[in-house]
Structures are given as structure tokens and as C-alpha cells.
Amino acid sequence: MPTMQPFSIHTLELGPMENFVYLIHDHATNRAAVVDPAWDVPEVLALAEKHGMQITDILLTHSHHDHINGISEVLDRHDAQLHLMKSEARFWDACLDMPTLHHGGDTISLGETSIKTLLTPGHTPGSACYHVGNDLIAGDTLFVFGCGRCDLRGGDPEQMYVTLKNMVDRLPAGTLVRPGHNYAGKTTVTMEEQLEGNPFLHFDNSDDFTHYRMHYHDKHRESPYAPVRKGEEMK
Ligand SMILES: [Fe+2]
């Protein structure tokens, strides 16, 4: 069925940690934003070239190495503007050359495509998601039937609980979630499917969520992640 949206999203699975790297392609201008460039930049650039895209922007969901290790290689070839959250830049403390810093709720214009930024702390203090059309590029905040770890430096399970609650409350049920890793062997699910099968969205208080995130999940769940019915998180 023909789509009326002004953009398309191309997905690449790259590197030893099953990272997803995304290219958002604005059809009117052929501008492209690469989200979390890492691991195999030649493959990213080849895909852009194949579709006639010019990479003008780099969007970061967060500053972990597996999401950023291709930035300089992209910048060697393209004069692209780097975007990230102000709180992530502060946390990262890297020497960034004139990035555009966002606060969450503001919009990035890519030709005729508008990309809304969401500040989603929990995995890191300045983690971001990018909402474009019906798609949510979610980084390590929300996986298919999982969520990001909160035990690394800068992680905070209580913040993650609030972040996920806000996402459930504010995102339409049909939103397609596009995560930062392929932990479920599945590229995307809707928010509605997440509500059904993602155990991290089943808790109604921060303490239970924190216990599950910090002490239970990684010891008891197998990867790839299968959906979990509500009430069966600890089974
Ligand atoms: Fe991460």
C-alpha cells in the first residue's frame, strides 16, 4: 500500500551486540539522519548512497560506546550536525564539536520530516528517543519485550520506571517501537504489543519494578526475549 509519510526508515543490524542503526530518509530533500552510527560505517554509507541520501544529521540515543563508535567516521565523510540531549552531553563529558543539544519535547527538522525528541532517562541520565511519524526510535530505553539496564554508571531504575510510565501514557497504542538492539529477534512491535508482553510495563510501583530490573530479570530470563503475560513476570 502506498505510504503518504514524507520519510522512510532503513534499519541495519550491525556489530557483535546486535545494534540497530537507523537511517531516517526525508524524501523531499533526500536528507538523511543516521541514528547511533556504530560498528560498520561503510555499510551505513553504502546504504545511504544506494538510495541517493545525503547524511546531514547524526542523532544519538545515548553515549554508550556501542552506539557512538562510528561518529567520527561519518563526520570524516559528511558535514553532519550532531544531536543529543544536553543532560547526556554533560554525563558523557566528551569533547564534541558544536553539537545541537536538546531538552526533550523539541523538534528536529529534517527537510519536510519532523522528528520529536523525548528525554527518557533511566539507562543513562540523558537517554533519548526520537518520535517520527508513527515510529519511535527507542535506543536502549525500550526494547522489544525488554528495557535498558539500569545498573551501569548513570543508570537509575526509579527514573526508568517513570520514563516507561510516561511513554505508556503518552504514546499512541499503534506506535511502532524500534529498539537499539535486536535482543528479541524481532525488529519492531507496537506499543500495544509492548503493553501485553513487556514485563517492565506491567509494574504499578517503582519498588517492584526496581527489584525486577536490578535483581531478577537478567538472572532468570533467557535471550532472545519472548513476551511475558501480565502477572507472570516472576514465573
Ligand atoms: Fe546502552
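Is D57 buried or exposed in this predicted model? At 4% relative accessibility, D57 counts as buried. The legends below begin with this residue.

**View 1. The salt bridge between D57 and R31.** The closest N and O atoms of the D57 and R31 side chains are 2.8 Å apart. D57 belongs to strand β4 and R31 to strand β3, so the contact ties together parts of the chain that are 26 residues apart in sequence. D57 is buried at 4% relative accessibility, whereas R31 is partly exposed, with a relative accessible area of 26%. A search of the whole structure finds five salt bridges; the pairs in this view and in the next two views are among them.

**View 2. The salt bridge between D135 and R178.** Here the N to O distance is 2.7 Å. D135 is located in strand β10 (residues 135-139) and R178 in strand β13 (residues 176-179). The two residues are 43 residues apart, and the pair thus links distant parts of the chain. Both D135 and R178 are buried.

**View 3. The salt bridge between D218 and R213.** The closest N and O atoms of this pair lie 2.7 Å apart. D218 is partly exposed, its relative accessible area being 44%. R213, by contrast, counts as buried because its relative accessibility is 4%, under the 20% limit for buried residues.

**View 4. The largest nonpolar core.** This core has 22 residues. Those with the most contacts inside it are L23, V34, V44, I55, I58 and L60. At least two core residues are supplied by each of the strands β1 (7-14), β2 (19-26), β3 (31-35), β4 (54-59) and β5 (81-85), and likewise by each of the helices α1 (41-50) and α3 (71-77). The largest share, five residues, comes from α1. In soluble globular proteins, nonpolar side chains tend to be buried together.

**View 5. A patch of negative charge on the surface.** The patch gathers E158, D204, D207 and D208. E158 is a residue of helix α5 (residues 157-170). With a relative accessible area of 49%, E158 is partly exposed.

**View 6. F209 in helix α7.** Helix α7 spans residues 206-220. F209 counts as buried, at 0% relative accessibility. The C-alpha atoms of F209 and Y161 are separated by 6.7 Å, although these residues are 48 residues apart along the chain.

How values were computed: Residues numbered from 1 in each chain as written. Predicted model: local features only at pLDDT ≥ 70, side-chain atom pairs only at ≥ 80, totals over all residues. Heavy atoms only, no water. Patch = residues over 30% accessible without salt bridge, like charges linked within 9 Å, V, L, I, M, F, W, Y side chains within 5 Å. Areas by Shrake-Rupley, 256 points an atom, 1.4 Å probe, with all protein chains shown as cover. Salt bridge = Lys/Arg side-chain N within 4 Å of Asp/Glu carboxyl O. Lys, Arg positive; Asp, Glu negative; His and termini not counted. Charge placed at Lys NZ, Arg CZ, Asp CG, Glu CD. Helix = DSSP H or I, 4+ residues; strand = E, 2+ residues; numbered from the N terminus. Buried < 20%, exposed > 50% of the residue type's maximum accessible area, 1.4 Å probe, protein only. Core = buried A, V, L, I, M, F, W, Y, C linked by side-chain atoms within 4.5 Å.
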